[in-house]
Amino acid sequence: MLIGRRFGRPGLIGTVARTAVITGTAAMTAGAISHHQQQKYATQHEATAYEQAEAAQPAAAPAPSAPAASGDSLMDKLTQLASLHASGVLTDAEFSEAKAKLLAS
């Protein structure tokens with residue numbers, strides 16, 4: 001005969017221990033899921049805020065080029081004006097005015 005070992009249903013301490021393990025596991029799982037969802041929503045919120053900030057800012061103008069050396073040819077200056085016009089830095093009127101000044105000098 002075996003002494004100290006029960007067969008069948010667990011005793012009170014075994015039931016309490018099993019319930020504590022199940023409850024703890026469920027709480028940890030729920031906490032992990034909640035944390036994961038918070039991180040996911042925070043990342044989405046940051047991405048949306050970044051996209052909105054990018055859309056609200058005007059396109060950055062290209063950095064001004066170095067001053068033209070005295071030996072630059074007229075063609076180089078006209079090419080530089082054309083590239084500024086093509087990139088949208090100069091409007092049609094500004095481009096025409098600057099081109100006329102260059103050709104007059």
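This is a predicted model: local features need pLDDT of at least 70, side-chain atom pairs count only at pLDDT 80 or more; totals for chains, interfaces and linings use all residues.
Residues are numbered from 1 along each chain as its sequence is written, and side-chain values use heavy atoms, with hydrogens and water left out.

The protein contains three helices and zero strands, and its elements follow the order α-α-α from the N terminus on; helices (H or I, at least four residues) and strands (E, at least two) are DSSP runs, numbered from the N terminus. Of the 105 residues of the protein, 4% count as buried, a class that means under 20% relative accessible area, whereas exposed means over 50% and partly exposed lies in between (1.4 Å probe, protein chains only).

The axes of helix α2 (residues 74-87) and helix α3 (residues 92-104) come within 10 Å and cross at roughly 175°, the axes being lines fitted to C-alpha atoms, for helices over the stretch in contact, with angles that run from 0 to 180 degrees between N-to-C directions. The two helices α2 and α3 are therefore roughly antiparallel to each other, a description that applies to angles over 145 degrees. On the side of α2, the contact (heavy atoms within 4.5 Å) is made by Leu74, Lys77, Leu78, Leu81, Ala82 and His85, and on the side of α3 by Asp92, Phe95, Ala98, Lys99, Leu102 and Leu103. Sorted by class, this contact has eight nonpolar, one polar and three charged residues.

Met75 is also found in helix α2, and at 58% relative accessibility Met75 counts as exposed. Met75 and Leu102 are 27 residues apart in sequence, and their C-alpha atoms are 9.9 Å apart in space.

Side chains of opposite charge can pair when their charged atoms come close. A search of the whole structure finds one salt bridge, defined as a side-chain nitrogen of Lys or Arg within 4 Å of a carboxyl oxygen of Asp or Glu. This salt bridge joins the side chains of Glu97 and Lys101 (3.7 Å, N to O), and both residues lie in helix α3, four residues apart, about one turn of the helix. Glu97 counts as partly exposed at 49% relative accessibility, whereas Lys101, at 56%, counts as exposed.

Notes: Angles under 35 degrees count as roughly parallel, over 145 as roughly antiparallel, 65 to 115 as roughly perpendicular and the rest as oblique. Ala, Val, Leu, Ile, Met, Phe, Trp, Tyr, Cys and Pro count as nonpolar, Asp, Glu, Lys and Arg as charged, and the others, Gly among them, as polar.
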